[in-house]
Amino acid sequence: MGKLAVPTVLLLLFLLSIIPDNSRTIKANAEETAADEVVDSPRVEEGFGAIPDALSTDANVAQREAESISRKTLRANAQKFEFQAEVSRLMDILINSLYSNKDIFLRELISNASDALDKIRFLSLTDKNVLGDGEDAKLEIKMSLDKEKKILSIRDRGIGMTKEELIKNLGTIAKSGTSAFLEQMQKSGDLSLIGQFGVGFYSVYLVADYVEVISKHNDDKQYIWESKADGAFAVMEDNENEPIGRGTEIRIHLKDEAGEYLEEGKLKELVKKYSEFINFPIYLWTSQEQDVEVPADEETTEDEDKSESSEEEQEEEETETKSKTKTVKETTYAWELLNDVKAVWLRNPKEVTDEEYSNFYHSLSKDLSEEKPLAWSHFSAEGDVEFKAVLFVPPKAPHDLYESYYTSKANLKLFVRRVFISDEFEELLPKYLAFLKGIVDSDTLPLNVSREMLQQHSSLRTIKKKLIRKALDMIRRIADEDPDESTDEDKTDAESEIESEKKGKYTKFWNEFGKSIKLGIIEDASNRNRLAKLLRFESTKSGDKLTSLDQYISRMKKDQKDIYYITGTNKEQLEKSPFLEKLRKKNYEVIFFTDPVDEYLMQYLMDYEDKKFQNVSKEGLKIGKDSKDKEIKESFKDLTKWWKDVLSTENIDSVKISNRLADTPGVVVTSKYGWSANMERIMQSQTLSDANKQGYMRGKRVLEINPRHPIIKELREKVVLDPESESVKQTAKLIYQTALVESGFFLSDPKEFAANIYSAIKTTLNVSPDATVDEEDEVEEETEVETTFDTEKEQTNEDVSEGIPAKEEVIEDVVEEESNEDHDEL
């Protein structure tokens, strides 16, 4: 054995000495070859090899690719082309102007692959032979990773490109020049170069420092396009890679800082976000660990034990050995489908079931509840702008919908050719409809531009207009299908069962999103009348249900010209308001607006169906005609004039005879265009309100008195007898202050009002006005000075009384216990 060991060691040393010399020879030959070529021409990196894409397992093919790349003969002899535009400027446009997010590159490449597949599918409609047979006939997109070499590969079986198309399409931007490209962007021209590897393709250099494009067209050979984006690219016939049959494969050599794109989880996330609804299947070559049972190792035993054991025992041991297995981790590879959610909006609405719409909503909104959306609208638009859309009304409003109303983002996702663009487009829906969720997919919008540029695209205004109209129609349909909203009671049992599911839906919608409709009336003047039809409110005749303006008008009296309403904090309070007394007696319906936003709403909603709105708490209210009005006003002329003089220090514009009171002596109303009492209360409650600046918005107050009330009649007689009487003047002020409080206003001097009330109570109880409050007898309190000794003595006595030893005794016991403990330790 020793004689053989020495020659073996010598042979190994000889082989090791040969290997470095050969590598240096190959390197020298490569340098000599490179010296004869153009200095700036792109070259293949050392050690670059083929990517195992799992399409073939031919070891010879992989070996041939590695050998050809290591020699670099074909790549060095490839045809070179210079970009016509300055590449640094071009990349600055792409990275800084068009793409602010590096993740976008995958979206662009998958979109290009999808478009190439669309083209070959279109050609196959007239010529089925273009697809070929077997694997080539599958229209799909596949991605694979080579983590060691930092290569991401994207493969499609689309139409592919010829040599001329590779040169032309991959130089599209540079061909027109940077300045022409910028000019085209500013004119909002058609920048959609999808399928031509234009702007979208060049986004790959956000994450790559070297890119290969291998493409095969049915009418040409297989070619390779390669570039480092250093001012030049090369095209050559592909004799080193496996034939791909038809289509294109992009090999992306990732930068060091782009290592996150070598993670399967990251690619899945990006496909889920941007390309979930691409028409063609997208696969990723993924690895998975599985638990596999394998036979356990047989235990060796000594021959002596075997000889001693009987034949039966040996058979049992052999059986147990065969049945013993162990579980090990085994890594397996397979193609995983990433986009298994179907694009519902691309299908015919008649073919989509309610369950499919509901499932699609939950997938889209990430809503984990089992509640179905209240409504949905699936439609398509044609004309200058073509798009398909699906809108949903969620079952519940977000908890912060109105707290973050002006800062919240829209819930509408914009797609262009099934490619996700953004979900932050505020231009697609106005703020008041931001609670809607859905998808808009357009075939006419440009894909390869930034979100900021796309927001200014003229087509968005057309899309927004149609979306608003469809959204309002969808909400109105909820009301039309709700049995509670209908007055038709003559329905069959079958119809009643069908409508039972839709019963109360609009009330639920209104409770969740009613404020959005009101904000829409304030913000959207062009759709104000449509939104007004969706308003719901309580009234004096609505009972426990909500009513609409159309239902209100249907119940109006023949002589009624205005729509009466009143604002306040709640229905119970408004029902007792003195402003409604005369209206109730004459059977007029009054709307209750109890939401603070209603005050702002009625400043914009001036009329509806040629009917004017009238706030019954403001002046100008007309209720029929009374032939005695002029006579009454004339008979009370002296009283109203005297009363106004008495209230000269108050903010009173005039004192008038009221036509709205029945049982109340008087009320205070504001001018037609001033703030109501409820509005004043709301504005004063604002955190940053300025009382000095609110004065000009407060309407002039008018005291309206009831000429038929006995208090007013008696006051008129007292004024005639003695207009200078202080008690009569005090009574007049007290009536005004009481009316002010009952009308919902704040008192400027509550102390004065209370004093007048107490004075009236004295008169009622026959208490003399000069009576005073009895003074309290003052008792001198003796100050007791407690010494420290007395305090300690009291505490000691208290402790004894409560069953606790005296203070001194407790201290002595503690000292004794501590000495005993020390003693024990010693």
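Author: Helices (H or I, at least four residues) and strands (E, at least two) are DSSP runs, numbered from the N terminus. With that convention, Asp-238 is found in the loop that joins strand E6 (232-237) to strand E7 (247-254). The model is predicted, so local features need pLDDT of at least 70 and side-chain atom pairs count only at pLDDT 80 or more, while totals for chains, interfaces and linings use all residues. Residues are numbered from 1 along each chain as its sequence is written, and side-chain values use heavy atoms, with hydrogens and water left out.

Asp-238 counts as buried because its relative accessible area is 7%; buried means under 20%, exposed over 50%, and partly exposed in between, with a 1.4 Å probe and protein chains only. Its side chain makes a polar contact with the side chain of Gln-222 at 2.6 Å. A polar contact is a pair of N or O atoms within 3.5 Å; within protein, one must be able to donate a hydrogen and the other to accept it, and residues adjacent in sequence count only if both atoms are side-chain atoms. The side chain of Asp-238 also reaches the backbone nitrogen of Glu-240, at 3.1 Å. Beyond four places in sequence, Asp-238 touches Ile-214, Gln-222, Tyr-223 and Ile-224, where contact means heavy atoms within 4.5 Å.

Another loop, between H24 and E20, holds Glu-650. Neighbours within four places aside, Glu-650 is in contact with Tyr-736 and Ser-748. From Glu-650 to Arg-701 the C-alpha distance is 9.4 Å, although 51 residues separate the two in sequence.

The 17 residues of H28 (726-742) should span 24 Å at 1.5 Å a residue, and the end C-alpha atoms are 24 Å apart, which agrees; the expected span is 1.5 Å times one less than the number of residues. After H28 comes Gly-744, with a positive phi near 100 degrees.

As for the whole, the protein has 31 helices and 22 strands, and 43% of its 826 residues count as buried. Among contacts with a separation of 6 or more, 75% are between residues 24 or more positions apart.
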